[in-house]
Each structure stands twice: as C-alpha cells, then as structure tokens.
Amino acid sequence: MPTHQSLTGASDDDLLQRMVATHAERFEAAFWAFFGAHVGPRLPPRPVMVDLGCGPGLLLRDLGERCPGAVLHGYDVTPAMIDYARQLTFETASATFALHDVVAKPLPRAAGTVHLASMSSVLHVFDEPLPTLAEIRRVLAPGGIFLLNDWVRQPLSTYLAWRRDVLKESGPDGLRRAFRLFPAQNKYTVDDWRWLLGEAGFEILAQTELRASHRIFVATPAR
Ligand SMILES: C[S@@+](CC[C@H](N)C(=O)[O-])C[C@H]1O[C@@H](n2cnc3c(N)ncnc32)[C@H](O)[C@@H]1O
C-alpha cells in the first residue's frame, strides 16, 4: 500500500511538520461550527473517541478541550506522529496514543464502545477502504458517529493551481510531486464517498465542503 510519505517522497518528519503547521487552518472556526451543529449534540457526556491515522494528535487535543471528560485514543502507523502526540498536554480529557496499523490489524477496542470515530485525510490512501469501514462500524456504539474528512476529486487544472497558489509549490520538483499525488488525492468523487459509506452500512447524517479539496461526512451505522 502506498503511504503519503512514499507518494510525496517526504520523510516522516516532513509530513509531521506539515500536519502540525497546517492544523489550525484545516480545523478552524467553520469546522468547529459544523462539528457543534452536527456532531457535538449526538455525543453522550464523557464520550469515547478514536482518531485513526491521528497524525500529531492535535485533533484529539482540540476534541478533548471541547468535550471535557472525554476518553481519547489515537492510532497511527508512523512512530514520529505518535511520539509527537504523546507529548501533548490534555487538561480535561484522558488520551492514549498507540502505534497501530489500521489496515493490518483490528482496532484494539471492544465492539459497540466508541461514540466518535474520526478519520482525517487518511482513508483515501488505503488500497481497499471497506475492511476499515467495517471495523469502524464494529467498534461504534449504537448511534455512534463516524466523522470522515477526506480528499475529493478536483479537475487536474484546479488541483495544480491549488498546489501552486496555496501550497506555494513551484518548479520541476513541485510539479513532479503534484502529478505523483494527483491520482491518490483525487481518487474519490463525493458520490464515490457517499456510495462507499452506504456500502459499508452507514447512513449519512450531514456533510459539508469547507475547502474545495475536501468533503466532511457525519455518518452513523444504518439501522
Ligand atoms: C495526511 S496525514 C493526516 C494526519 C491527521 N489525521 C491530520 O489530519 O492531521 C495521514 C496520516 O495517516 C497515517 N496512516 C497512514 N496509513 C496508516 C495506517 N495503515 N494505519 C494507521 N495510520 C496510518 C500516517 O502515518 C499519517 O499520520
């Protein structure tokens, strides 16, 4: 399976630094307004939350600040990410981070015990997403929420312009990286994601596009 690192040629540390540097703009006011409208009200007090491919753990840190008493679990296959996450401070929530390959092994959580499962910019990388979606469905409690935030297909010209103008990538190296990443980050259309969620037994409760490159879905196991 290709990883973001193998596709970009970036080192683990480069990807870590990029995730940390862009976190605040990726999870800004509009994201939290959407979360507050569609996810927060569906969570019980002291919810159990898991983030698969949690990267540096900053989304879980933010979730812990918004949901005091939450029990947070972050899983990632990259040691540098887990090392970074383990140094974060959690004031009002308890958090554990584990080195865990979500594709290779079942989630280390009992069935029906998780209130919020999150995946952000991870699932598109997996060769086959359905086993991971089935595993998320297994661990979710009745009425539990799956928050999927991932890349959606854009026209090549739009994608190249975004990498040039927003990411400030230029020159032959930048263009090479953009063409290498295009098939992975533009793999699924919005309809493909909808279809995948339905195929995996999820009902979509809400969705939004806060950036042209990404779509956010709020889903729950279908009854
Ligand atoms: C683009 S980063 C996103 C990180 C984080 N979700 C965020 O939005 O800041 C993708 C993350 O998925 C992780 N990842 C990729 N394949 C994985 C796997 N099979 N199991 C667990 N984590 C994985 C990578 O190590 C990386 O941290």
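**Entry 1: what covers helix α9**

Helices (H or I, at least four residues) and strands (E, at least two) are DSSP runs, numbered from the N terminus. A note to keep by me: this is a predicted model, where local features need pLDDT of at least 70 and side-chain atom pairs pLDDT 80 or more, while totals for chains, interfaces and linings use all residues. Residues are numbered from 1 along each chain as its sequence is written, and side-chain values use heavy atoms, with hydrogens and water left out.

**Entry 2: the buried face**

Which residues of α9 (190-199) are buried? I found Val190, Trp193, Leu196 and Leu197; buried means under 20% relative accessible area (1.4 Å probe, protein chains only). Seen down the axis, the buried residues of α9 fall within an arc of 125 degrees, so they line one face of the helix; the arc is taken from the directions from the helix axis to the C-beta atoms.

**Entry 3: the ligand**

Next I turned to the ligand. Of the 18 residues around it, Arg26, Gly53, Asp76, Thr78 and Asp101 come nearest (a heavy atom within 4 Å counts as near). I then checked polar contacts, pairs of N or O atoms within 3.5 Å. A polar side-chain atom of Thr78 sits 2.5 Å from a ligand oxygen, and a polar backbone atom of Ser120 is 2.9 Å from a ligand nitrogen.

Definitions and conventions:
Polar contact = N/O pair within 3.5 Å; in protein donor to acceptor, adjacent residues only side chain to side chain. Buried < 20%, exposed > 50% of the residue type's maximum accessible area, 1.4 Å probe, protein only.
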